[in-house]
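Me: I am new to this structure and would like to go through it slowly. Please show it to me, and then let us take some questions in turn.

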Amino acid sequence: GAAAQEAIANLGKYADPAQYCLIMADATPEAVSLVFVNGWSEASQPSDGHEGLGLWGVEDRLRRAGGRVLAERVADRWVTSIWLPRSADPSEEESK
């Protein structure tokens with residue numbers, strides 16, 4: 001939820017409006033994967049590379065659930081990947 005919401009919010013904030021944005025989702029019995037791709041624009045990037053915690057603010061929650069997030073520039077695109085395994089109940093994992 002929160003990681004996907006943040007990735008979508010980043011598309012609105014930082015994507016180059018002259019280029020396409022792509023959102024891909026894949027759900028298997030084992031995991032859910034989301035990939036967000038948008039055009040890179042130097043002009044639309046915050047001066048320090050990021051503002052606030054954004055995706056990194058939810059990264060810890062993903063990691064505790066066995067998931068991960070990766071955000072990186074690939075050529076002239078910005079790619080954000082989110083992967084989360086399906087589990088019965090996250091609270092069960094915390095009690096182990």
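Me: Where do Asp60 and Arg63 lie, and by about how many helical turns are they separated?

Reply: This is a predicted model, in which local features need pLDDT of at least 70 and side-chain atom pairs count only at pLDDT 80 or more, while totals for chains, interfaces and linings use all residues. Residues are numbered from 1 along each chain as its sequence is written, and side-chain values use heavy atoms, with hydrogens and water left out. Helices here are DSSP runs of H or I with at least four residues, strands are runs of E with at least two, and both are numbered from the N terminus. Because Asp60 and Arg63 are three residues apart in helix α2, their separation is about one helical turn.

Me: What is the N to O distance at which the side chains of Asp60 and Arg63 meet?

Reply: Side chains of opposite charge can pair when their charged atoms come close. A salt bridge is counted when a side-chain nitrogen of Lys or Arg is within 4 Å of a carboxyl oxygen of Asp or Glu. The side chains of Asp60 and Arg63 form such a bridge, with an N to O distance of 3.4 Å.

Me: Is Arg64 buried or exposed?

Reply: A residue is called buried under 20% relative accessible area, exposed over 50% and partly exposed in between, with a 1.4 Å probe and protein chains only. By that scale Asp60, at 35%, is partly exposed, and Glu59, at 23%, is partly exposed as well. Arg64 has a relative accessibility of 56%, and therefore it counts as exposed.

Me: Which residues form the aromatic pair, and how is the pair arranged?

Reply: Rings of Phe, Tyr and Trp (its six-membered ring) pair if their centres lie within 6.5 Å, and planes under 30 degrees apart count as stacked, over 60 as edge-to-face and the rest as tilted. A search of the whole structure finds one aromatic pair. With 5.2 Å from centre to centre and 35° between the planes, the pair of Trp40 and Trp78 is tilted.

Me: Which parts of the chain does this pair link?

Reply: Trp40, at 16% relative accessibility, counts as buried, whereas Trp78, at 26%, counts as partly exposed. The two residues are 38 apart, and the pair links distant parts of the chain, namely the loop between β2 (31-39) and α2 (54-64) for Trp40 and, for Trp78, strand β4 (residues 77-85).

Me: What separates the C-alpha atoms of Ala75 and Trp40?

Reply: Ala75 is placed in the loop between β3 (68-74) and β4, and with a relative accessible area of 65% it is exposed. Along the chain Ala75 and Trp40 are 35 residues apart, while their C-alpha atoms are separated by 8.4 Å.

Me: In what order do the elements of the protein chain run from the N terminus?

Reply: The secondary structure of the protein chain comes to three helices and four strands. Read from the N terminus on, these elements run α-β-β-α-β-β-α.
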